[in-house]
Amino acid sequence: MNIGIDIDNTITNIEKDLFDSANKYTKTLNPNFENKNPVKFDGFVNMANFYMDIFGWNIEQIESFFRNERIEVIDNAFPRPGVVNVLKRLKNMGHNIFIVTARADKYDDMPYERSKNWLDKNGIVYDRLIIGATDKAKVCHDLEIEIFVDDQLNNCIKLAQGGIKTIRITNSKKEYPNIINMENFEQIFEYICKLK
């Protein structure tokens with residue numbers, strides 16, 4: 001099968017680290033700022049606007065955060081437990097692995113190179129890396145990807161509506177049509193094995 005998988009908060013789990021970094025950055029702007037607790041970004045709004053609303057940043061501040069602190073977080077992220085081994089096992093079984101991310105060059109001058117370097121450094125096996133994928137359902141159809149793993153609810157809804165088997169990596173128990181919730185990569189591996 002052709003299997004697609006997202007990077008941020010899917011292969012990695014950076015949500016808390018991003019919020020910690022955002023809290024620290026905001027404290028440098030406003031020493032009286034009270035830290036915010038992490039809130040799940042599910043992609044129903046633009047990520048930059050999401051952070052601007054929560055932390056009260058202006059355009060220059062969001063630009064600075066996304067170009068500096070956010071990049072530091074994604075560069076230093078660790079793979080989720082089990083993901084390296086699961087992707088190797090899937091690849092060894094003959095599946096094709098497509099890494100499909102919305103990362104683009106708006107806040108990063110080298111999103112492809114940064115993503116590739118991180119994947120290679122962390123031993124993530126894959127056949128192809130696609131960046132700038134803001135419409136993952138279209139990418140899946142174009143590349144004949146049959147199953148996709150993502151963390152963002154809006155991506156999962158669009159993928160499922162497009163007829164792609166969709167796994168949402170989440171601890172949420174809330175169910176949505178044609179989306180399978182899984183908490184970890186061992187569960188994902190077992191599910192994919194049962195599809196054959």
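**View 1. Thr-101 and the residues around it in this predicted model.** Setting aside neighbours within four places in sequence, Thr-101 is in contact with Asp-6, Ile-7, Asp-8, Leu-129, Ile-130, Ile-131, Gly-132, Ala-133 and Lys-136. To find Thr-101, look in the loop between β2 (96-100) and α5 (111-121). Its relative accessible area is 1%, so Thr-101 counts as buried, a word used here for values under 20%. Follow the side chain of Thr-101 and you will see that it reaches the backbone nitrogen of Arg-103 at 3.1 Å.

**View 2. Leu-119 in the largest nonpolar core.** This core has 44 residues, and Leu-119 is listed with Tyr-51, Trp-57 and Ile-99 as having the most contacts inside it. Beyond its neighbours within four places in sequence, Leu-119 is in contact with Ile-7, Ile-11, Ile-99, Ile-124, Tyr-126 and Leu-129.

**View 3. The open sheet of six strands.** Reading across, the order is β3-β2-β1-β4-β5-β6, and the pairing is parallel. At the edges stand β3 (128-130) and β6 (179-182); each has a single partner strand, so one side of each lacks a neighbour in the sheet. On average, neighbouring strands are turned by 25° against each other, direction ignored.

**View 4. Strands β4 and β5 with helix α7.** Here β4 (residues 147-150) and β5 (residues 165-169) run parallel, joined by four bridges. Phe-148 stands opposite Thr-166 in β5. Helix α7 (residues 153-161) packs on the sheet and touches β4, β5 and β6. The direction of α7 makes about 165° with that of β5.

Technical notes: Residues numbered from 1 in each chain as written. Predicted model: local features only at pLDDT ≥ 70, side-chain atom pairs only at ≥ 80, totals over all residues. Heavy atoms only, no water. Core = buried A, V, L, I, M, F, W, Y, C linked by side-chain atoms within 4.5 Å. Buried < 20%, exposed > 50% of the residue type's maximum accessible area, 1.4 Å probe, protein only. Contact = heavy atoms within 4.5 Å. Helix = DSSP H or I, 4+ residues; strand = E, 2+ residues; numbered from the N terminus. Polar contact = N/O pair within 3.5 Å; in protein donor to acceptor, adjacent residues only side chain to side chain. Pairing = 2+ DSSP bridges. Axes fitted to C-alpha atoms, helices over the stretch in contact; angles between N-to-C directions.
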